[in-house]
Amino acid sequence: MGGPRERPEDGAPGIDRRSVLRAGAFGAAGLASARFLAGCSTMPSAAPVVPPVTIPPDAVYDCGVASGLHAPDAAVLWTRVAPGAVAAVDVAWEVAIDPGFTSVVATGTASAEPGADGCVKVLAQGLSPATTHWYRFRVDGRTSPVGRTRTPAGEGAPVPRVRLGVASCQNFPAGFYPAWRAMAAEDLDAVVHVGDYIYESGGGSANPLNVRFDELGTATTLAGYRAKYRLYRSDADLRAAHAAHAFLPVWDDHEFVNDYDRLTIVEQPARAEAAYRAWFEYQPVWPIDGTRIHRRARFGSLVDLSLLDTRQYRDPHPNGGKGTLSATTDGPAREVHREGRTIMGDDQRTWLLDGFDDAQDRGITWKLVGNQVMIAPVRIVDLDEPFLRLFNPDTPKHAGVYLNTDSWDGYQWERDEVMRHVHDGGVANVGFLTGDIHAFWQAPLLVDFDDDASPAVAQEFVCGSVSSRGLDYAGDLAAGLSEAAVGLRPGFRYVDLVRRGFGIIDCTSGSATVEFRVADASRPDGVVRPASRFDWAAGTQDVRLVPA
Ligand SMILES: [Fe+2]
């Protein structure tokens with residue numbers, strides 16, 4: 001079984017750029033395995049099959065309670081009242097600053113409506129900043145489980161510490177959720193969920209790879225997407241994590257359909273509308289404007305967190321290629337280098353870069369980005385070489401063969417724009433927190449990754465998957481791939497393509513520590529343990545790997 005691979009402790013990340021053999025080895029293995037890394041894998045499972053999920057014990061609050069981090073003086077409270085999906089039900093709610101509800105600070109009533117599948121969402125206002133609150137709902141004398149949520153500190157307020165969980169990719173039939181059980185027990189300010197909260201595809205008992213069942217089939221309608229959220233929230237560990245922490249969710253592709261782009265929305269408008277509507281119904285997020293989900297959270301003077309949407313505005317995949325492996329020097333694949341090509345859309349890009357500048361101007365120490373798909377390049381064959389340009393002077397900058405152009409690798413110009421802006425604007429302490437690829441990676445991000453002298457200006461931490469499979473059962477292939485990936489240019493400090501889990505980032509004014517935790521998702525009571533830690537000194541690109 002392949003384990004993680006780590007770069008020997010390094011100063012500069014640069015390596016010999018003409019390691020053609022190494023790139024070739026990764027390329028061959030990459031061709032065989034790209035499918036598994038680029039999305040949902042179908043690798044065989046050694047885990048036992050268990051009976052289908054049973055109906056949760058609470059027939060009224062069948063999906064538990066949840067909260068969303070919103071503002072220093074407000075929080076989003078969420079529950080679902082199952083009878084409300086049939087006929088409107090009045091729901092009382094209250095918020096207190098103690099778990100016994102002796103000091104209630106906000107109350108109100110809302111309505112659970114069939115039009116929202118019985119989901120109730122409340123914006124509780126008048127709360128105190130940087131304060132832990134407890135909340136609950138009541139329907140006809142039936143009280144919900146108690147949830148806990150924490151408000152962030154107000155603008156400019158000194159904050160000694162901010163601790164965030166980072167999660168993604170929780171394919172229900174593929175694995176259990178010990179990761180969520182462990183996260184529920186952590187002391188966190190919030191949980192950042194960077195998408196693939198549900199998988200629109202099914203995963204039934206006929207599939208021997210599954211450890212539990214999703215017999216709902218592929219969701220294409222509002223009823224279908226709603227049913228997925230109810231199935232996923234039927235998991236007690238996920239409900240426990242929601243009850244324990246405020247969430248900051250953004251979607252990736254599987255909340256709608258695999259590898260989609262803005263053209264997919266034009267082609268399947270009714271399905272997109274259903275998928276987005278169900279997401280807004282079931283996620284503790286207050287609507288902003290239509291289907292906009294990119295937004296910003298700030299924690300006093302310590303953390304600025306930009307949550308991206310790299311799906312609904314992105315330019316289409318070249319030639320419908322959806323991440324296929326081909327040289328980007330010519331043909332449709334060359335599109336990935338086109339100036340102006342965007343994964344965020346022009347408005348969101350401006351919003352992100354302006355936000356970096358504003359946070360820097362205000363003296364906010366850490367600028368974190370909740371980011372769906374990897375931004376560090378995974379180029380398995382480097383074709384941007386001087387001797388190759390002799391034969392093809394028209395070679396685009398960064399030409400190569402990329403593992404997965406569904407990631408930022410498919411949007412090269414915009415990635416360069418972001419890195420150049422961070423560099424030119426002197427934006428310090430930028431960290432991308434990423435999901436999607438069902439693996440753990442850590443990499444410095446350079447202004448120009450084809451220039452050995454180019455400085456690192458940011459860091460990326462790819463924080464694994466809660467349950468979705470990576471190369472779990474690929475054995476020596478996974479080990480070889482991990483090793484080859486560490487050696488790619490400009491290189492990775494750490495690669496683990498095998499294990500499930502999540503990340504925790506712990507920020508203070510002097511440093512950030514990122515922990516990768518691994519979880520055995522093959523069992524409901526699977527062990528969760530530390531895998532590695534990265535210590536990052538503020539004001540530097542000095543990230544030190546500390547193995548567990
Ligand atoms: Fe995923």
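**Cavities, helices and buried sites in a predicted chain**

The second largest cavity is lined by Thr132, Arg148, Thr149, Arg150, Leu188, Asp189, Ala244, His245 and Ala246, where a cavity is a set of points, on a 1 Å grid over the protein atoms alone, at which a 1.4 Å probe fits but cannot get out, and a lining residue has an atom within 4 Å of a point. The structure is a predicted model, in which local features need pLDDT of at least 70 and side-chain atom pairs count only at pLDDT 80 or more, while totals for chains, interfaces and linings use all residues. Residues are numbered from 1 along each chain as its sequence is written, and side-chain values use heavy atoms, with hydrogens and water left out.

This second largest cavity has a volume of about 50 Å³, a volume being the space filled by probe spheres set on the points, with grid points joined across faces, edges and corners. Strand E9 (residues 147-150) contributes the most to its lining, namely 3 residues; helices (H or I, at least four residues) and strands (E, at least two) are DSSP runs numbered from the N terminus. By class, the lining of the second largest cavity divides into 3 nonpolar, 3 polar and 3 charged residues, with Ala, Val, Leu, Ile, Met, Phe, Trp, Tyr, Cys and Pro counted as nonpolar, Asp, Glu, Lys and Arg as charged, and the others, Gly among them, as polar.

In total there are 4 cavities of 30 Å³ or more, and the largest cavity holds about 60 Å³ of space. The lining of the largest cavity consists of Ile375, Pro377, Arg415, Asp416, Met419, Leu445, Leu446, Phe449 and Pro490. The lining of the largest cavity has 7 nonpolar and 2 charged residues, and no polar ones.

H7 itself (residues 346-361) has 16 residues and reaches 22 Å from its first C-alpha to its last, close to the 22 Å expected at 1.5 Å a residue, the expected span being 1.5 Å times one less than the number of residues. Its buried residues are Gln348, Arg349, Trp351, Leu352, Leu353, Gly355, Phe356 and Ala359, buried meaning under 20% relative accessible area, exposed over 50% and partly exposed in between, with a 1.4 Å probe and protein chains only. Just after H7, Gly363 takes a positive phi of about 80°.

Helix H6 (residues 269-282) has 14 residues and spans 20 Å from first C-alpha to last, close to the 20 Å expected. H6 is largely enclosed by the rest of the structure, because 10 of its 14 residues are buried. Those buried residues are Arg271, Ala272, Ala274, Ala275, Tyr276, Ala278, Trp279, Phe280, Glu281 and Tyr282, and what covers them includes strand E3 (74-80), strand E6 (119-125), helix H3 (222-233), E12 and H5.

The loop between strand E12 (246-249) and helix H5 (262-267) holds Asp259, whose phi is near 55°, a positive value in a residue other than glycine. Most residues other than glycine have a negative phi. Phe101, in the loop between strand E4 (89-96) and E5, likewise is not a glycine and has a positive phi, of about 60°. Asp259 counts as buried at 7% relative accessibility, and Phe101 counts as buried at 7%.

Strand E5 (residues 104-112) contains Ala112, which counts as buried because its relative accessibility is 0%. Ala112 and Gly84 are 28 residues apart in sequence, yet their C-alpha atoms lie 4.8 Å apart in space. Leaving aside neighbours within four places in sequence, Ala112 is in contact (heavy atoms within 4.5 Å) with Val81, Gly84, Ala87, Ala88, Val89, Val91, Gly118 and Val120.

A search of the whole structure finds 0 disulfides, a disulfide being a pair of cysteine sulfur atoms within 2.5 Å. Cys119 is in no disulfide, and the nearest cysteine sulfur, that of Cys63, is 6.8 Å away. Cys119 is buried at 6% relative accessibility, and Cys507 is buried at 0%.

Across the chain there are 10 helices and 25 strands, and buried residues make up 63% of the 548 residues. Of the contacts in the chain with a separation of 6 or more, 73% are between residues 24 or more positions apart.

Notes:
1 Å grid on protein atoms, 1.4 Å probe; cavity = no way out; pocket = protein on both sides within 12 Å on 5 of 7 lines; lining within 4 Å.
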